[in-house]
Amino acid sequence: MAQRSRLTASCRAHVLVLCFLAHVATGVELSVNNHNDDFTLTISSGSLASLSCLAQNSSQAEELLWYRGDGRVDLKDENKVNISNICISPVSESDNGVAFTCRLLRDQSVQVSVVLDVRFPPSAGEDESIYIEEGKDVTLTCNAKSNPQGQTTWYKNNTILTLHDHYQVYQNSETFQLSIKKVQKSDNGTYTCEVKSSCGDSSKDFHLIVEDKKPVFPTEAVIAAVVVVVLTGLFGIVAQKEKIFKCFKKPSQTAL
């Protein structure tokens, strides 16, 4: 019984120690830019984002970590203890939707994340000249990527394009396409892709030139004609050789 009591007391002591350590660890809170919970930071492309992480309610020096997505950010030693600052400059389109997370080194479950909502205007792309043979299909593609998502419109010769079976439009979050089936001479002209968003507008011109339909080369007929010519030539050569051999053949002698 005494041994069982000692074991019970020992287990209780270990539990108390673990509870104390857990209390010490979880007693520390982190804040990023005065936010104790995860948040979204809306910012314009090309600007500077400054993030400051602070360890609160700590009785000792706490080392902090920063992550961009799943990758750890390199920090100087003097920028790790109790308070840590990082700057993203300039903020770009590639930072949109990326989470920056500050974590406590000794208990990485203690963390605060910031998701960047990067606002940027559309950039439809450079103008193009497209030459296409009459009767073939052609697809015009412009870049429609922006944040927030922009509104897109197609024009032909500065007039809003009326869509029907001859034209088909495809769009996703990044591209805007106009497909023209079996182009005709009447499809000649300048097509404009226009993208408008609250951050700005952009447009791209496509100068479509429909060329005459190229004559179909009768390959099979030509091959057949060549075969006939070759065979005729061979037969002619053979016939000519027989005539030549007859000329040189000696006349047979008649018996007396």
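Close-up 1: P90 sits in the loop that links β6 (83-88) to β7 (99-104); strands here are DSSP runs of E with at least two residues, numbered from the N terminus. Look at the link from S89 to P90: this peptide bond is cis, and its omega is near -10 degrees. A quick word on what you're looking at: this is a predicted model, where local features need pLDDT of at least 70, side-chain atom pairs count only at pLDDT 80 or more, and totals for chains, interfaces and linings use all residues. Residues are numbered from 1 along each chain as its sequence is written, and side-chain values use heavy atoms, with hydrogens and water left out.

**Close-up 2: P148 and its cis bond with N147.** Here we're in the loop between β10 (138-143) and β11 (151-156), where P148 lies. N147 and P148 are joined by a cis peptide bond, with omega at about 5 degrees.

**Close-up 3: N158 and its positive phi.** You'll find N158 in the loop between β11 and β12 (159-160). N158 isn't a glycine, yet its phi is positive, near 70 degrees. N158 counts as exposed, at 71% relative accessibility; exposed means over 50% relative accessible area, with a 1.4 Å probe and protein chains only.

**Close-up 4: K182 and its positive phi.** K182 has a positive phi of about 45 degrees, even though it's not a glycine. With a relative accessible area of 59%, K182 is exposed.

Conventions: Helix = DSSP H or I, 4+ residues; strand = E, 2+ residues; numbered from the N terminus. Buried < 20%, exposed > 50% of the residue type's maximum accessible area, 1.4 Å probe, protein only.
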